[in-house]
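Please keep the sequence and the coordinates in view while reading.

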Amino acid sequence: MKNRIGVIITVVSPLIISYCLISSGCQPSPGYITVDSRSGLMQPTFCLYRDASLQKRLGIRTIVVWKVQRSAEFESYWDRIEQVWSLSCIKPTSPVSCLTYGKVPPDYSEVAKAVPLEPEQFYSVWLPGFRGVDSEDRYFIIRLDDNGIPERLESR
């Protein structure tokens with residue numbers, strides 16, 4: 001009888017501990033993605049904060065930018081159609097809190113090379129492992145003026 005209990009404890013204990021570690025450690029962390037208002041129009045800068053009050057920056061370990069298909073309004077369904085840029089931090093102890101589209105800082109590896117952004121196209125910024133306050137992704141678009149020149153960067 002003692003051997004059965006010992007076997008059960010030996011087998012079940014690691015399973016319970018693993019479940020606890022996985023369920024607590026694999027939950028998406030809180031995070032709020034912004035597109036910096038001082039960004040270049042064709043090279044936006046993305047920053048990660050703990051929450052919408054933008055008080056504490058967090059390190060970005062991975063970033064993926066997608067071209068998305070949608071109508072002209074932000075509120076409807078989005079469909080990712082093409083990955084246009086992706087970076088991963090190769091030294092997990094040194095992630096930066098802001099990344100500029102197309103620029104690869106030290107300690108990062110470009111998983112997918114940056115494709116030139118197109119005005120009037122919607123894009124989605126996704127940080128795997130983080131969930132945003134208002135959505136999981138941050139969306140942006142580069143708007144043209146009446147003469148067809150990039151004029152402003154809108155994000156939501």
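In which loop does E120 lie? E120 lies in the loop between β7 (108-112) and β8 (122-126); strands here are DSSP runs of E with at least two residues, helices are runs of H or I with at least four, and both are numbered from the N terminus. The model is predicted, and for this reason local features need pLDDT of at least 70 and side-chain atom pairs count only at pLDDT 80 or more, while totals for chains, interfaces and linings use all residues. Residues are numbered from 1 along each chain as its sequence is written, and side-chain values use heavy atoms, with hydrogens and water left out.

The backbone at E120 deserves attention. Most residues other than glycine have a negative phi. E120, however, has a positive phi near 65 degrees and is not a glycine. With a relative accessible area of 33%, E120 is partly exposed; this term covers the range between buried (under 20%) and exposed (over 50%), with a 1.4 Å probe and protein chains only. L54 is placed in the loop between β3 (45-49) and β4 (62-69), and L54 is partly exposed at a relative accessible area of 37%.

Strand β3 also belongs to an open sheet of three strands, ordered β2-β3-β6 with antiparallel pairing; strands pair if DSSP finds at least two bridges between them. Because β2 (32-35) and β6 (98-100) stand at the edges with a single partner strand each, one side of each is left without a neighbour in the sheet. On average, neighbouring strands of this sheet are turned by 20 degrees against each other, direction ignored, the axes being lines fitted to C-alpha atoms. Three bridges connect β3 and β6 in the antiparallel sense, and C47 has C98 in β6 as its bridge partner.

Another antiparallel pair is formed by β10 (residues 137-144) and β11 (residues 150-155), joined by five bridges.

Of its 156 residues, 31% are buried. Among contacts (heavy atoms within 4.5 Å) between residues at least 6 apart in sequence, 50% join residues at least 24 apart.

Conventions:
Axes fitted to C-alpha atoms, helices over the stretch in contact; angles between N-to-C directions.
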